[in-house]
Amino acid sequence: MSIVVTGATGALGRLVIEELLAAQVPADSIAAVVRNEEKAAELAARGVELRIADYSAPETLAGAFRAGDRVLMISGSEVGQRVAQHTAVIDAAKAAGVAQLAYTGILGGPDADFALADEHKVTERLILESGLPYTFLRNGWYTENYTANLAPVLAHSAVVSNAGDGRVASAARADYAAAAAVVVTGEGHLGKTYELSGDVAWTFAEYAAEVAGATGKEIAYRPVTPEAHLEILTGAGIPAPFAEILVDVDLAIGRGRLAGTSGDLARLIGRPTTPIAATIAAAVA
């Protein structure tokens, strides 16, 4: 039996493996499912088993899982392709007889009423229909979704959003990774659904103030209409389909869909979630 992490060279997957190793899980009991062996060389050097497979090539997934494995299935990043990709993973996991399939979905699950959630909702349904022992990790927003894009904020001295006064209960990516590691190593998580989010829900005005405090620059929050935001994003070179998703997410934030603070994340990791100020400070250091 191994603890298997799919998408293991991605930002979340690498952090999960770091959490597992820090928790003294033997490296040879961890399997990293990766597309590119070279990108995973550092993991292999530390004794982590590599299993080469691609979500988009179902035939490669046949060897990705073993009977009794505990699997963390990190959702694919290719919007529009994820249902087919996730179906291939679920089918392979079922065929192998894994003991757990933990899936990183989206906050709110079936109640999430924005386009980015659609593939996650279908995936959860497919997992339930498969009969596999499951755990649903419904991840809220990563603070890094915003801090990774500080350059235009600093260049224009403004945080721009069409979310109005909506709030975001974000947490650091490492917080979500820690929760995932707990779920695939601990007991009592089968059949459970966790709504994972930060302890504090913040507004974009508050986010702008935190960025200003961390950088010493004057940063304002500039609320805009969805139409204006879409024009700004596409004008900055973001492809229109993805820009439309970002605008739709902001509308969902305005409706309160990413503001939930269930406390599940803090309870799983046994500590408060990382404040946005800490993630901003790390990003501008």
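Colleague: Does R138 count as buried or exposed?
Modeller: R138 has a relative accessibility of 11%. The term buried means under 20% relative accessible area, exposed means over 50%, and partly exposed lies in between (1.4 Å probe, protein chains only). Because 11% falls under the 20% limit, R138 counts as buried.

Colleague: What kind of model is this?
Modeller: Residues are numbered from 1 along each chain as its sequence is written, and side-chain values use heavy atoms, with hydrogens and water left out. Local features need pLDDT of at least 70, side-chain atom pairs count only at pLDDT 80 or more, totals for chains, interfaces and linings use all residues, and the model is predicted.

Colleague: How many salt bridges does a search of the whole structure find?
Modeller: Side chains of opposite charge can pair when their charged atoms come close. A salt bridge is defined as a side-chain nitrogen of Lys or Arg within 4 Å of a carboxyl oxygen of Asp or Glu. With that definition, the number found in the whole structure is 17.

Colleague: How many residues apart in sequence are the parts that R138 and E195 tie together?
Modeller: R138 and E195 form a salt bridge, with their closest N and O atoms 2.7 Å apart. Helices (H or I, at least four residues) and strands (E, at least two) are DSSP runs, numbered from the N terminus. R138 belongs to strand β6 (residues 134-139) and E195 to strand β9 (residues 192-196), so the separation of the parts tied together, in residues, is 57.

Colleague: Which residues do salt bridges that share partners join into one network?
Modeller: E195, at 21% relative accessibility, counts as partly exposed. Elsewhere, salt bridges that share partners form one network, and its members are R14, E18, E42 and R46.

Colleague: How many residues apart are R255 and D113?
Modeller: The side chains of R255 and D113 meet in a salt bridge at 3.0 Å, N to O. R255 lies in the loop between α10 and α11 (264-269), and D113 in the loop between β5 (100-106) and α4 (118-130). The pair thus links distant parts of the chain, and the separation in residues is 142.

Colleague: What does R66 count as, buried or partly exposed?
Modeller: R66 meets E49 in a salt bridge at 3.7 Å, N to O. E49 is in strand β3 (residues 49-52) and R66 in the loop between β3 and β4 (70-73). E49 has 27% relative accessibility and counts as partly exposed. At 37% relative accessibility, R66 also counts as partly exposed.

Colleague: Which residues is I17 in contact with, leaving aside its neighbours within four places in sequence?
Modeller: Contact means heavy atoms within 4.5 Å. Once neighbours within four places in sequence are left aside, the residues in contact with I17 are V5, A8, I30, A32, L43 and V48.

Colleague: How far does helix α10 reach from its first C-alpha to its last?
Modeller: Helix α10 (residues 240-254) has 15 residues. The expected span of a helix is 1.5 Å times one less than its number of residues. The buried residues of α10, including A243, I245 and V247, pack against elements such as α5 (144-147) and α8 (204-215). Close to the expected 21 Å, the reach of α10 is 21 Å.

Colleague: What kind of aromatic pair do F114 and W141 form?
Modeller: Rings of Phe, Tyr and Trp (its six-membered ring) pair if their centres lie within 6.5 Å; planes under 30 degrees apart count as stacked, over 60 as edge-to-face and the rest as tilted. A search of the whole structure finds nine aromatic pairs. The rings of F114 and W141 have centres 6.4 Å apart and planes at 80°, so the pair is edge-to-face.

Colleague: Which helix holds F204?
Modeller: F114 and W141 are both buried. Y146 and F204 form another edge-to-face pair, 5.5 Å centre to centre, with 80° between the planes. Y146 lies in helix α5, and the helix that holds F204, 58 residues apart, is α8.
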